[in-house]
Amino acid sequence: MADAALSPAFSRAGGKTLRALLGEPRVLFGGGFVLLMIAIALLAPVIAPKDPLEQDLMLGTLPPAGFDGAEAGYLLGTDDLGRDVLSRILHGTRIALIVAFVAASLSALIGTALGLAAGFYRGWTDRIVSRLVDIWMSFPPVLLSVLLVAVFGPGLHSVIAAIVIIDWTRFCRVVRAETIRQAGLDYVTAAETVGFSRPHILLREILPNVVPILLALVSLEMGIAVTVEAILSFVGLSLSSDTPTWGGMIAQGRQIVYQGWWVLVFPLIALFSTVLAFNQLGNGLRLALDPVMRR
Amino acid sequence: MTSPLLSIKALSAVSTREAHQPVLRAVSLDLRPGEVHGLVGESGAGKSTIAKAVLGILPRTVKVTGGSVRFEERDLLTLPPRALRDIMGREITLIPQDPQTALNPSRRIEGQLTDGLRLRLGLSAAAARARALALLEEVQIRDPERVLASYPHQLSGGMRQRILIAAAFAPGPKLVVADEPTTALDVTVQKEILRLIRRMQRAHDTAVIFVTHDLGVVAKICDSVTLLYAGKVIEAGTTAAMLERPAHPYTRALIAAGPRYDRPEASLTPVPDAIFRQLRQDIEQTERA
Amino acid sequence: MLTAFVTLIGVAIVIFCLLRIVPGDPVAMMISPSATPADIAALRARYGLDLGLFQQFVIWFKAVTAGDFGASISLRRDVVELIGERLPATLELAFAALVFGVLAGGTIAVITTLLRRTPLEAVFEFLNGLFLAVPDFVWALALVLVLGVAFPVLPLSGRLDPASAPAFVTPFYLLESLVRLDFATFSDLVAHMVMPVLALGLPLAAIVARILKESLLEAMGQDYVLLARLKGMSPLRLVLQEALRNAVGPTLTLTGVQFTFMIGGTVIIERIFAYPGLGNMAIDAVINRDLPLIQGIVLIFGALFILINIATDALAVLLDPRQAHG
């Protein structure tokens, strides 16, 4: 019975958490892939065989190695402007990761703050936040992001801002529900009896127990953010078509899909693997960190 | 002496989940046609496992390691699935424990009561309905027409249990397994349900295996009884003999722990720990032997 | 109902405010370089752009509640009329994807329930996990590559082949061709819809399969299923007759929410397949800074989402006998 009054996060040893994480294959696979991507992003200028911006119309739409007409040195072929597909994908990792990390962290920050407040203080705070979430959920997210980027003007900052403005609701909804659940548990009552202040209880007692599900959400959100960036590039609103982004390449590839399918295939595979990795990492984190689901 | 309807011989089983912990240790019992036999024990004693073995629905986590369960000379444990399916739900039926979860909440009573009759006895829809109405009257349900058209949530727990009893006796089974059929009910309803099962059983001359943890219930309804502890038969015999002259200290302690079947107002005495220690020692000794 | 209305007004206010801070003058984009300042001022006055923000909102709100969404700046046509032309195309697409997603997901849930504790279950679970992770955008492009380019069996863009299109009376082409028994047109429409429907419906199918299977397994463990099994029901009948109806509750609620997400997804999917629906037009409207059109479309989407939520709640009550005959 005494255990029920202890905050679950504090009754968990750090080493045990790490073991649970490393014992979860999804975390290893997803996390490993994300680490690999970070390495690629950092080393892109070194490992990319060509300059991603260098155009050579004489070498336009070259097929990837192994196909008829392939040119040595262009492993994954070139686009219609003669730019090396492999180099552009490697450089595109940078934009993808920046968007993933910055947009996901900021949406998590805003969504968590509002979700904690709404779930803990209830009353008017909750009513306003919940109504706001309802209103936000009534917009088609793709259309809203397109609209926001149009409002802010194209560019990386606009893309990130648009994602944050739309996706904070994902965090807010889950964190609010989880906060309401945690606030009903015995350890919170115990902390109230001891006489801790409300903000202390919220930040020191409840928040640590919301962190596991939050980490999982952040990872899932990173996958979503990468996709949204690709969608915005696809619509032609993200960054200038020069800058190597996967979405821009995908849009370009869709237009010339009959002449050069590889311009679409390879960035699509990069996007797909990244989304999958973040997804696996997120699901793995949830399984490994959730004290209820842990077996 | 008639030949037994059901004969369990030296049935042993282990749990595959808990490191092959025995759940049944060489359990034997015989059941004559028309007899009501109580299976008594605390939870985990193995009474439900025996009931499930008789019904052919042992969970995958339980593995039979020896013995036989013969129903009219057919071993239910080795019978091919097809033959087993023909027996279950027709010759052997079940009255489940909890009337809350034993009726499908989204189907009317009529369908739930008649599809056994149609599937098992090949009755037409009209014949099955007539039979269902007769059965409902037999279990003393007023306004059976209305009940047939009802959903389970519109009926009380006692009503639902009556319907489940009607369903269990519907195909004219030779054996009904009653799995703690009164545990989930109010005390006042319990008595009526026990009386009803007794009456139905006599009217149809059906044998009943009555699973319970309550010796008071056994005293009211059972002809004979098997007392189990940790998967082992502690004492078996006629109800009268066992309750009047209990041979085993555990039996005596359980009777003392009451609520007394003959004096329900008497104060409760818990079973002394010493008796449990003794029981465990005994079991370990026989295991080693 | 009241909260739904408040939400819709909130949507209107947000969208209105958002659009007034769009940089770039829509009027400047639509006139010839030779226009005089007087021409520009006249145009601005015509679209009410010369008034104050609050006044603009009041005028706009009055008009909207009267069913007047104004005229599109880029297409120079009535917004309601434009939406009336495009919305049916989007609705046909979304409902087709909904039906596909629910049927496919439901079938997979039933199959995996029947296959539980067999090696095949793990295969299905793995595939389901994969389908859950892949967004509609990636599906759409993968389908373009496989069914449009590698094995070009399906048309890549549009709603139907303009060369063989008959004159339609209603904007619901799919329904109309079916009613007219014009199967050639119907199959052409279906062929154009297959890829977008798959892209939208596959993620839905994966979620439905996952949630419905969980509920089915829970229902299969209930005593009434055990009793039915003892009565000799086949496993398939156990799942369909005994378990399914008691298991659909959570799936239904979830499908309602997912359906709104899916309609949101039509925006980009229509773009990829150049499908002439509302979403595709919306992106063009944004690119052209066509404020009246954007407002109208976003409001229609918002109203649609709120309607779906109300319909989901109503359906949940209808399907639950405990709530229906209380």
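Student: Which domains does the domain assignment of chain C give?
Tutor: Keep in mind that this is a predicted model. The assignment for chain C gives domain 1 (2-65) and domain 2 (85-324).

Student: How many Å apart do the C-alpha centres of domain 1 and domain 2 of chain C lie?
Tutor: 36 Å. The contact between them takes 13 residues from domain 1 of chain C and twelve from domain 2 of chain C.

Student: Which helices supply the domain 1 side of chain C?
Tutor: Helix H1 (2-20) and helix H2 (26-30) of chain C each supply at least two residues. H1(C) has the largest share, eight residues.

Student: And how do the residues on that side divide by class?
Tutor: Eleven are nonpolar and two are polar. None is charged.

Student: Switching to helix packing. At what angle do H5 and H9 of chain C cross?
Tutor: Roughly 35°. The axes of H5(C), residues 79-114, and H9(C), residues 183-220, come within 5 Å.

Student: Is that crossing left-handed or right-handed?
Tutor: The crossing of H5(C) and H9(C) is right-handed. Their contact has 22 nonpolar residues, six polar and one charged.

Student: Now the chains. How many residues of chain A are in contact with chain C?
Tutor: 31 residues of chain A, against 36 of chain C.

Student: What gives the most on the chain A side?
Tutor: H10(A), with eight residues. Elements giving two or more include helix H4 (123-137) and helix H8 (198-235) of chain A.

Note on methods. Residues numbered from 1 in each chain as written. Chains lettered and ligands numbered in written order. Predicted model: local features only at pLDDT ≥ 70, side-chain atom pairs only at ≥ 80, totals over all residues. Domains from an automatic or database assignment. Contact = placed C-beta atoms within 7 Å. Helix = DSSP H or I, 4+ residues; strand = E, 2+ residues; numbered from the N terminus. Nonpolar A, V, L, I, M, F, W, Y, C, P; charged D, E, K, R; others polar. Axes fitted to C-alpha atoms, helices over the stretch in contact; angles between N-to-C directions. Left-handed = near helix turned anticlockwise from the far one by under 90°.
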